[in-house]
Amino acid sequence: MASILQTTVLTCCSLTSSKRVINAAIHLPQLPNISLPPTKIQTNRKQQLDHQPLILEKNNSQILHDEPKQQYSNSTVQLYAVLEAVLDRVEMHQNIGEQRNNWNTLLLNSINMITLTATTMSGVAAVTSGEGAPLLALKLSSALLFSAATGLLLIMNKIQPSQLTEEQRNATRLFKQLQTQIQTTIAIGNPSEEDVKSAMEKVLALDKAYPLPLLGAMLEKFPAKFEPATWWPTKKGKTQSKKMGKMKNGWSEELEMEMREVVEVIKRKDGEDYERLGNIALKINKSLAVAGPLLTGIAAIGSSFIGNGSSLAAFVPLLAGSLAAAVNTFEHGGQVGMVFEMYRTSGGFFKLLETSIESTLGEKDLEKRENGELFEMKMALKLGRSVSNLRELASKSASYKMKGVGDMDEFASKIF
């Protein structure tokens, strides 16, 4: 019994300690390979799997051939090319506007610091006794700083960075407006060669009205007379069509009379107002542009006479330097050039409305005009009025015109 237990324990230990292959004593006979014919279901399934790639390929090729290829007309492709140029100009004018705004800030701060430093050195030199080297150093330093401020002011007043910045802002806004117009034309569909030509003319007119370079192409900052900005291409007017009472393409005799009265009101009120304000801003800007460098130049000359025993020699550079800093701050910190450019743009806006109405009314073929009701709505929105208010404005203008010129002037002073 003990030997049997010992044998069992040894057998279990050997099984757990190592893996052995145990061959069974009973061997089953190997079955023969019998090939069964495929069933009908298997055959059909295999045929479907074999033909499935061919069916998919055939269907894909059929879909590709059946899918219509979108074809763009030559005018549409050209409009897209013009749109790319407009987008590039929008980014350029925006970047250059930011750069020139930085010019205005940096030059203003730098010139004021130079002027005030030179004024302080002149004051210190005035209270310095003797004829030694310290007095000479202070006099020369203040004179050099005043001279540098004079040169920088001449350059700054010539280019007017605040006005340059406003020009780029207006150019960016107008190019974005042109971008929207081109996109609308493409979205409506079927653009014509006339649309492409009109878009290119508008781009070139904007390039001429708001040039990017400074040398050779910069706009005159101090013209002899105020002129509204012009950023649209000029169109040759056609002979006026005969009167008509029947509606055609949204136009009627009453609508034409209304548009003519609107033009008269714009000329009499808005055009004259912005011309008057623009001339005032131009005169102020010219005066300040001359006064700044003149004062710093006087201070530079006066600082060289400090220490000669005259109280006036010490008083002149201090007063002139202080006034020069104040004038420079008012001119460029107050951005008088920007105000002048704003009046030019506003005057140009109303001039554009006049030109648009006159060129539309001058079109002989009514079918080539823009729809009359749509045109009336656009004019009302641009003037900040409803269509009913615009009609009321035109009717009142016509009634006051019949009464007399004096009543018309009184009416023009009340309508806006």
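This is a predicted model: local features need pLDDT of at least 70, side-chain atom pairs count only at pLDDT 80 or more; totals for chains, interfaces and linings use all residues.
Local features need pLDDT of at least 70 and side-chain atom pairs pLDDT 80 or more, while totals for chains, interfaces and linings use all residues. Residues count from 1 along each chain as its sequence is written, and side-chain values use heavy atoms, with hydrogens and water left out.

**View 1. Helix α7 and its bend at Ile 266.** Helices here are DSSP runs of H or I, at least four residues, numbered from the N terminus.

**View 2. Asp 207 meets Arg 89.** This is a salt bridge (Lys or Arg side-chain nitrogen within 4 Å of an Asp or Glu carboxyl oxygen), with closest N and O atoms 3.0 Å apart. The pair ties helix α6 (residues 193-209) to helix α3 (residues 74-127), 118 residues apart. Asp 207 is partly exposed at 22% relative accessibility (buried is under 20%, exposed over 50%, partly exposed in between; 1.4 Å probe, protein chains only).

**View 3. Glu 256 and Arg 260 within α7.** Their closest N and O atoms are 3.5 Å apart. Being four residues apart, they're separated by about one helical turn. Glu 256 is buried at 5%, whereas Arg 260 is partly exposed at 32%. Arg 369 joins these two in a salt-bridge network.

**View 4. Glu 376 pairs with Arg 391.** The closest N and O atoms lie 2.8 Å apart, linking helix α10 (residues 372-382) with helix α11 (residues 387-403). Glu 376 is buried at 4%; Arg 391 is partly exposed at 46%.

Definitions and conventions
The bend at a residue is the angle between axes fitted to the seven residues ending there and the seven starting there. Helices (H or I, at least four residues) and strands (E, at least two) are DSSP runs, numbered from the N terminus.
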